Amino acid sequence: MRLRPASPCPLGSAMTVIAALLLIACQPLPRPSDQRARTVAVTAVTSSAVPQAQVVDATKPGEAQPRAFDTPTVHPDAAAWLKRVGLGPHAVAEEEWSQIQARARAEGYVLLYSDTSRSLNPIESLAQAYPGLRAEACTLGSQDIYLRLVDDLQEGEHAAGVYLVGDAPRTLKLLAQHQIWNYVPADLIDVVPKELRAPLLVHHWSALTLVYNPTLAEAPPIDNWWDLTQPEWRGRVALPDPTVDERTMYFLITLVQHSDELAAAYRAEFDRALVLDADCPNAGYQWIKALLANEPILVHSDAEVVDLVGGPEADEIRVGLCGYEQYDKVSRGELSFAPILEAIPTAGLQWPTYLALVDRCQRPNAAKLLVRWLMGDETGGEGYSAWHYPGFYPARTDVPDPKGAIPREELLPRLWQPDAVYIDENMVAMRDFLAVHTGRDMRGR
């Protein structure tokens, strides 16, 4: 495999403060939780021992529901807060929205925790729509914003009101632990499908998919994921390095969960049963091992993947694994790539971004107002406008797909869904497996 050096990109965070119509970005103050961010040294694995991956049994494909995280008893203070603000078991089917707006104005402030800088524009537009309502957005990577929220709540701080993050394992664990709560504005119940509003409201979703360059290849160059393990694709597959990119890691674990489908795809491709290596307990691990042995180009971001596949200097046919949200660059004419939808056994992984209220937040009405604003209107406007671009799909059924995007009814059936519990339970096994087959020490991650 080949590892490309990272482009110069400093790590950091942004805190955006809106006062009236002014948006000011600033660095968040240092906190104890920030000390948890680590620089992971990449070293060769010299041990000859090959650890066996311990695969945790979970819901098989086709079963109705994946398992849920263990749920503790609700804290008495949280129970009283839920009753007062109408959440959890006290959620109502109808709301006096004018009262919520009035109370939000009286509260005068709302703080958003988010893993995307796209949330900064909606914060600005909320202040414009509701003069006098001050808003802040703290944006960090998904792991760092998770750690910040956990530290806040452990320290008894409940300043953050809304949590907007696309990390299913951590976010759904927060929900199970009663650190965030589901809130679905009553007027949206009929336009958000049940699976996108329970157990937690989905703001939008994207997908992790295989892509190719249609200017270099008239049709998708593969029709089976096992093709990528063959000699003709040696050094021509690009993907974010799973030892540093968690979304790719989650997808590899999902491949393991769908090992029966990968085994069937192998038989369809080679007309024989798959023979597993001693360190591969199923077809998912065998595919990962075979791909890594085929010298893929491991990069640090999806942006680098699409540049290798469809950038102006791309001169050979490559296949890449990346987030479909990069497709906006195609619509702007910057790159040329398209998703591979029909390769078996899947087109990729659905990637939902969740929206929730923080437990016992100090200004719950302002938080509800922000949730409603972020969900936008039926045109994809208001607070949703920052995401109404190709590559992002709204949870609302009354909002049209962005112009130029693959229709969601065509893409969604071809995607696997992330099973947060399965991913969480198999993370250590996958890290150990990748440490051996990438030659990287993943201790501390």
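Contact here means heavy atoms within 4.5 Å. With that settled, I opened my notebook on this predicted model.

**Entry: Thr171**

I began with Thr171 and looked up where it sits: helix 5, which covers residues 168–176. Next I asked myself, is Thr171 buried or exposed? Its relative accessibility is 1%, and buried means under 20%, so Thr171 counts as buried. Then I listed its contacts, leaving aside neighbours within four places in sequence. Thr171 touches Tyr163, Val165, Ile180, Leu200 and Tyr354.

**Entry: Thr254**

Thr254 lies in helix 6, residues 246–257. I looked up its relative accessible area and found 0%, so Thr254 is buried. Which residues is Thr254 in contact with, once neighbours within four places in sequence are left aside? I noted Leu349, Trp416, Gln417 and Ile423.

**Entry: helix 8 and helix 13**

From there I moved on to a helix pair. Two packed helices are described by the angle between their axes and the distance between the axes, so I looked up both. Helix 8 spans residues 283–293 and helix 13 spans residues 420–438. Their axes are 10 Å apart and the packing angle is about 25 degrees. Angles under 35 degrees count as roughly parallel, and helix 8 and helix 13 are therefore roughly parallel to each other. I noted the handedness too: this crossing is right-handed.

Which residues of helix 8 and helix 13 meet? From helix 8 I wrote down Tyr285, Ile288, Lys289 and Leu292. Facing them from helix 13 are Ala429, Met430, Phe433, Leu434, His437 and Thr438.

**Entry: the whole chain**

I finished by stepping back to the protein chain. How many helices and strands does its secondary structure come to? I have 13 helices and 15 strands in my notes. The chain has 445 residues, and 55% of them count as buried. Its accessible surface comes to about 19600 Å², with 51% belonging to carbon and sulfur atoms. Last, I looked at sequence separation: among contacts between residues at least 6 apart in sequence, 77% join residues at least 24 apart.

Notes: Residues numbered from 1 in each chain as written. Predicted model: local features only at pLDDT ≥ 70, side-chain atom pairs only at ≥ 80, totals over all residues. Heavy atoms only, no water. Axes fitted to C-alpha atoms, helices over the stretch in contact; angles between N-to-C directions. Helix = DSSP H or I, 4+ residues; strand = E, 2+ residues; numbered from the N terminus. Parallel < 35°, antiparallel > 145°, perpendicular 65-115°, else oblique. Left-handed = near helix turned anticlockwise from the far one by under 90°. Buried < 20%, exposed > 50% of the residue type's maximum accessible area, 1.4 Å probe, protein only. Areas by Shrake-Rupley, 256 points an atom, 1.4 Å probe, with all protein chains shown as cover.
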